[in-house]
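These notebook entries record what I looked up, feature by feature, in one structure.

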Amino acid sequence: MKSPKPGLQYGALLDSRDSLASSIMTEKTAEGDSQAKALLAWLQQREDEMAALLAELVAIPTENPPGKNYRACADLLENRLKQAGLECERLEVSGAKDGTGEVPVCLVAEYGRGERVLYFHGHYDVVPGQSPEQFQPVLKEHFLFGRGSCDMKGGIVTMLYAILALKECGAELDGRIALMLVPDEETGGERGSAWLAAQGRLGRGAVGMLLAEPTSGVVWNANRGAISVRVRVLGKSAHVGLQHQGKNAFERMHEVVRRLQELKQEVEQRATTFNIGADQTRQSILMLGGQSGGGANFNVVPEECWFTIDRRINPEENLEEEKSRLIGVLEGCKRDGIPLAWEILQEGQSSVCGEEERLGVALTRSVCVVMGDAPRFEMCPGLLEIRFYAAQGVPAYAYGPGLLSVAHGPNEYIDLRKIIDCAAIYALAALDLFHS
């Protein structure tokens with residue numbers, strides 16, 4: 001995707017887009033153009049504010065697993081939302097605690113009026129850091145480095161400032177924007193979006209949903225499903241000199257892996273027909289041993305060994321069927337005398353949303369205005385929380401300011417200028433969708 005030249009002012013870009021001017025609003029009016037320019041100008045002036053808030057968020061290590069410091073991060077976000085004059089509801093997840101004994105918190109803030117709701121959705125948990133220094137944010141020119149800056153605390157800042165731009169510029173919306181901030185996305189959403197969906201709190205009155213994941217300039221309108229499993233293979237401990245008296249869990253594990261590799265060969269012959277990134281694969285995925293371990297010492301027969309399975313399912317496949325086949329291999333090993341147990345770490349459906357939905361069209365128009373080109377629609381290579389909305393028939397898309405290539409990495413960062421771009425796109429898409 002072509003980015004605007006350095007120093008290019010949004011006002012000049014808007015003035016030069018004659019072919020797009022009539023499509024940015026539902027109704028083309030001089031007042032509408034004036035609002036769009038005001039939103040973009042307002043955002044450009046607040047890069048320092050955005051950087052400061054993002055740095056505060058990055059400095060709170062909301063690592064998941066196990067789920068640390070959720071309350072501290074939710075408290076900061078709730079305070080900022082209220083300081084900005086937004087109504088904010090705090091929902092504490094009943095019957096659930098994170099790794100520190102805290103109750104996970106979901107936040108819902110709203111702006112606008114009317115029955116129709118456009119959801120801005122984001123998660124404040126992050127994958128564990130590779131070092132403690134990742135939670136000491138560093139600002140270098142327009143770039144902020146730190147765990148979660150890209151995935152997706154930068155996205156949270158984007159969505160908040162899109163709402164504030166609309167609010168401060170006095171934009172009238174014939175509908176409401178609901179900002180949903182949740183924990184637990186990195187481990188499947190059980191105590192976040194899945195809990196909200198089970199409570200009937202996710203997607204009420206929704207006409208669409210936007211998710212600010214790091215999409216590298218494309219729109220994700222589909223995602224793979226996932227089944228993640230941890231398998232424990234059991235044996236009997238013994239001294240190496242008496243290994244004949246033991247049962248080697250490591251060797252038994254190899255037999256389990258061999259059988260799973262047969263399934264892997266078959267699974268990875270299948271390919272999706274959806275658009276994908278140039279560096280991605282069309283094949284379905286079964287990865288073995290993302291994590292593994294076992295044994296007490298080099299001179300002791302291992303009593304237990306364990307490994308993980310990560311099965312990523314293309315939208316053309318059926319989650320329940322693929323789960324049954326995977327678990328069937330493990331059950332077969334057990335029937336054949338290999339003592340083992342397993343637990344499902346996460347489970348999520350694939351989802352698909354058409355490009356032609358009204359929100360999809362509004363998002364495309366807004367990206368054209370700010371970036372100069374229409375975005376490409378692709379399938380996300382992983383699991384996305386658009387699935388919770390798509391399951392209810394709600395048009396849902398991911399489009400965010402970060403780069404997927406740096407998310408979860410040791411040098412995670414985000415370009416603050418991209419946050420400004422994306423906030424403008426979100427605000428303009430809401431105007432397009434809800435212009436009264």
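**Entry 1: H6 and H12.** I looked up the hand of the crossing and found that H6 passes H12 in a right-handed crossing. I note at the outset that the model is predicted. Helix H6 covers residues 149–168 and helix H12 residues 416–434. Their axes come within 8 Å and cross at roughly 50°.

From H6 they are Gly154, Val157, Thr158, Met159, Tyr161, Ala162 and Leu166. H12 contributes Ile419, Cys422, Ala423, Tyr426, Ala427, Ala430 and Leu431. Sorting the contact of H6 with H12 by class, I recorded twelve nonpolar residues, two polar ones and no charged ones.

**Entry 2: H8 and H9.** I turned next to helix H8 (residues 249–267) and helix H9 (residues 319–335), whose axes come within 9 Å and cross at roughly 155°. H8 is therefore roughly antiparallel to H9, the cut-off being over 145 degrees. I found that H8 passes H9 in a right-handed crossing.

On the H8 side the contact is made by Val256, Arg259, Leu260, Leu263, Glu266 and Val267. On the H9 side I listed Glu322, Arg325, Leu326, Val329, Leu330, Gly332 and Cys333. The residues of this contact of H8 with H9 divide into eight nonpolar, one polar and four charged.

For Phe145 and Tyr413 I recorded 5.4 Å centre to centre and 40° between the planes, a tilted pair. Phe145 lies in strand E4 (residues 143–145) and Tyr413 in strand E15 (residues 413–415), so this pair ties together parts that are 268 residues apart in sequence. Phe145 has a relative accessible area of 27% and is partly exposed. Tyr413 is also partly exposed, at 23%.

For Phe377 and Tyr397 I found the ring centres 6.1 Å apart and the planes at 80°, so the pair is edge-to-face. Phe377 belongs to strand E13 (residues 377–380) and Tyr397 to strand E14 (residues 396–398), so the parts tied together here are 20 residues apart in sequence. Are Phe377 and Tyr397 buried or exposed? Phe377 is buried, with a relative accessible area of 5%, and Tyr397 is buried at 0% relative accessibility.

I also checked for clusters and noted that Phe143, Phe145 and Tyr413 form one aromatic cluster.

**Entry 3: Gly129.** I located Gly129 in the loop between strand E2 (105–123) and strand E3 (138–140). Its relative accessible area is 26%, so Gly129 is partly exposed.

Which residues is Gly129 in contact with, leaving aside its neighbours within four places in sequence? I listed Glu63, Gln134, Phe135 and Arg147. As a distance check I took Gly129 and Pro104, which are 25 residues apart in sequence. Their C-alpha atoms are 20 Å apart in space.

Terms used
Residues are numbered from 1 along each chain as its sequence is written. This is a predicted model: local features need pLDDT of at least 70, side-chain atom pairs count only at pLDDT 80 or more; totals for chains, interfaces and linings use all residues. Side-chain values use heavy atoms; hydrogens and water are left out. Axes are lines fitted to C-alpha atoms, for helices over the stretch in contact, and angles run from 0 to 180 degrees between N-to-C directions. Helices (H or I, at least four residues) and strands (E, at least two) are DSSP runs, numbered from the N terminus. Angles under 35 degrees count as roughly parallel, over 145 as roughly antiparallel, 65 to 115 as roughly perpendicular and the rest as oblique. A crossing is left-handed if the near helix is turned anticlockwise from the far one by less than a right angle, and right-handed if clockwise. Contact means heavy atoms within 4.5 Å. Ala, Val, Leu, Ile, Met, Phe, Trp, Tyr, Cys and Pro count as nonpolar, Asp, Glu, Lys and Arg as charged, and the others, Gly among them, as polar. Rings of Phe, Tyr and Trp (its six-membered ring) pair if their centres lie within 6.5 Å; planes under 30 degrees apart count as stacked, over 60 as edge-to-face and the rest as tilted. Buried means under 20% relative accessible area, exposed over 50%, partly exposed in between (1.4 Å probe, protein chains only).
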